Amino acid sequence: MARIPNTLTATAPAALTAAGGLVGGYGVARWSGKRQLGGAVLAVAGAGAAAQWHRRSGAPAAAALTGLYLVAFGGSHPLAKRIGAWPAVLAVTGVVTAASAATTVLVTRKS
């Protein structure tokens, strides 16, 4: 019988790290009043997620997901003007988390 990988265990750490960086970075910046502190949270979590993506999915997937993480951060700003800050942060976080999980599952199934 074929072994089915536990995709939740395989995808959760990197997806949660990325989500924590986007949501946590915004939350820290907003509640502390220091954008630089929020940026530091975003950067540290992004670096951690990138390392996890590289380890689990390889360099091309890690580069694509890291790029998406950065685009999501940048894209949340104009989106916030249309729908509000928290909804924008949560929307882009959902996109990054879903892409992270999907990429990890697809790469896991190929190997």
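Welcome! In this predicted model, Gly75 has a relative accessibility of 31%, so Gly75 counts as partly exposed.

User: Which element holds Gly75, and how far apart in space are Gly75 and Val92, C-alpha to C-alpha?

Analyst: Gly75 belongs to helix 3. Along the sequence, Gly75 and Val92 are 17 residues apart. In space, their C-alpha atoms are separated by 7.8 Å.

User: Of the contacts between residues at least 6 apart in sequence, what share joins residues at least 24 apart?

Analyst: A contact here means heavy atoms within 4.5 Å. Among contacts in the protein chain between residues at least 6 apart in sequence, the share that joins residues at least 24 apart is 70%.

User: Is Ser57 buried or exposed?

Analyst: Ser57 is found in helix 2, which covers residues 35-57. Leaving aside neighbours within four places in sequence, Ser57 is in contact with Thr103, Thr104 and Val107. The cut-off for buried is under 20% relative accessible area. Ser57 has a relative accessible area of 12%, so Ser57 is buried.

User: How many aromatic pairs are there, and what is the form of the pair between Tyr26 and Trp86?

Analyst: The count comes to 2 aromatic pairs. Tyr26 and Trp86 form one of them, at 4.7 Å centre to centre with 85° between the planes. Tyr26 lies in helix 1 (residues 7-32) and Trp86 in helix 4 (residues 85-110), so this pair ties together parts that are 60 residues apart in sequence. Planes over 60 degrees apart count as edge-to-face, and the Tyr26 and Trp86 pair is edge-to-face.

User: What form does the pair between Trp31 and Trp86 take, and which residues form one aromatic cluster?

Analyst: Trp31 and Trp86 form a tilted pair, 5.6 Å centre to centre with 35° between the planes. Because Trp31 lies in helix 1 and Trp86 in helix 4, the pair ties together parts that are 55 residues apart in sequence. Trp31 is exposed at 66% relative accessible area, whereas Trp86 counts as partly exposed at 26%. The one aromatic cluster is made up of Tyr26, Trp31 and Trp86.

User: How much space lies in the largest pocket, and which residues are closest to its centre?

Analyst: The largest pocket holds about 360 Å³ of space. Helix 1, helix 2, helix 3 (59-83) and helix 4 each give two or more residues to its lining. By class, that lining has 10 nonpolar, 6 polar and 1 charged residues. Of the 17 lining residues, the closest to the centre of the pocket are Tyr26, Ala29, Phe73, Ser76 and His77.

Notes: Residues are numbered from 1 along each chain as its sequence is written. This is a predicted model: local features need pLDDT of at least 70, side-chain atom pairs count only at pLDDT 80 or more; totals for chains, interfaces and linings use all residues. Side-chain values use heavy atoms; hydrogens and water are left out. Helices (H or I, at least four residues) and strands (E, at least two) are DSSP runs, numbered from the N terminus. Buried means under 20% relative accessible area, exposed over 50%, partly exposed in between (1.4 Å probe, protein chains only). Rings of Phe, Tyr and Trp (its six-membered ring) pair if their centres lie within 6.5 Å; planes under 30 degrees apart count as stacked, over 60 as edge-to-face and the rest as tilted. On a 1 Å grid over the protein atoms alone, a cavity is a set of points where a 1.4 Å probe fits but cannot get out, and a pocket is an open set with protein on both sides within 12 Å along at least five of seven lines; lining residues have an atom within 4 Å of a point. Grid points are joined across faces, edges and corners, and a volume is the space filled by probe spheres set on the points. Ala, Val, Leu, Ile, Met, Phe, Trp, Tyr, Cys and Pro count as nonpolar, Asp, Glu, Lys and Arg as charged, and the others, Gly among them, as polar.
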